[in-house]
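Dear colleague,

Please find the structure for your review below.

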Amino acid sequence: VKKLIPESIGKEIEKQTQGIFPLKDVYIRKVKLIKKPKFDITKFMELHNDTDGDAGVSMLRPEAEDAQNLITAEVQAAQEDDE
């Protein structure tokens, strides 16, 4: 609460917004303090480790020739020539 000196915050807001829109007589009337949420790393890891195994599944139909990446097409062509 000691950090909330009304005039200093108002002056800082005036300085920061000067390039966007010139403000003057800025006052802080009400401040609401909120708590940061509890962060449980184990629960976070459980959510992200439960994968269905669908990551990196091959496509069901081949990619259209005009939609292929040119570099990938060149590499595939070079591999086919080597075989």
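The following paragraphs describe what was found, from the whole chain down to single residues.

Please note that this is a predicted model. The mean pLDDT of the protein chain is 76, and 71% of its residues reach a value of 70 or more. Among the elements, H1 has the highest mean pLDDT, at 83, whereas helix H3, covering residues 70-82, has the lowest, at 77.

The protein chain contains three helices and zero strands. Read from the N terminus, the order of its elements is therefore written α-α-α. Of the 83 residues in the chain, 2% are buried. The chain exposes about 9100 Å², and carbon and sulfur atoms supply 56% of that area.

A nonpolar patch is formed by Ile-13, Ile-20, Phe-21, Leu-23, Ile-28, Val-31 and Leu-33. Together, these residues have about 680 Å² of accessible area. Ile-13, one of the patch members, is located in helix H1, which spans residues 6-17. Ile-13 counts as partly exposed because its relative accessibility is 31%, a value between the limits of 20% for buried and 50% for exposed.

A further point concerns the backbone at Asp-25. This residue is not a glycine, yet it has a positive phi of about 55°. Asp-25 is placed in the loop between H1 and helix H2 (41-49). With a relative accessible area of 54%, Asp-25 is exposed, since the cut-off for that class is over 50%.

Yours sincerely,
A colleague

How values were computed. Residues numbered from 1 in each chain as written. Predicted model: local features only at pLDDT ≥ 70, side-chain atom pairs only at ≥ 80, totals over all residues. Heavy atoms only, no water. Patch = residues over 30% accessible without salt bridge, like charges linked within 9 Å, V, L, I, M, F, W, Y side chains within 5 Å. Areas by Shrake-Rupley, 256 points an atom, 1.4 Å probe, with all protein chains shown as cover. Salt bridge = Lys/Arg side-chain N within 4 Å of Asp/Glu carboxyl O. Helix = DSSP H or I, 4+ residues; strand = E, 2+ residues; numbered from the N terminus. Buried < 20%, exposed > 50% of the residue type's maximum accessible area, 1.4 Å probe, protein only. pLDDT = per-residue confidence, 0-100.
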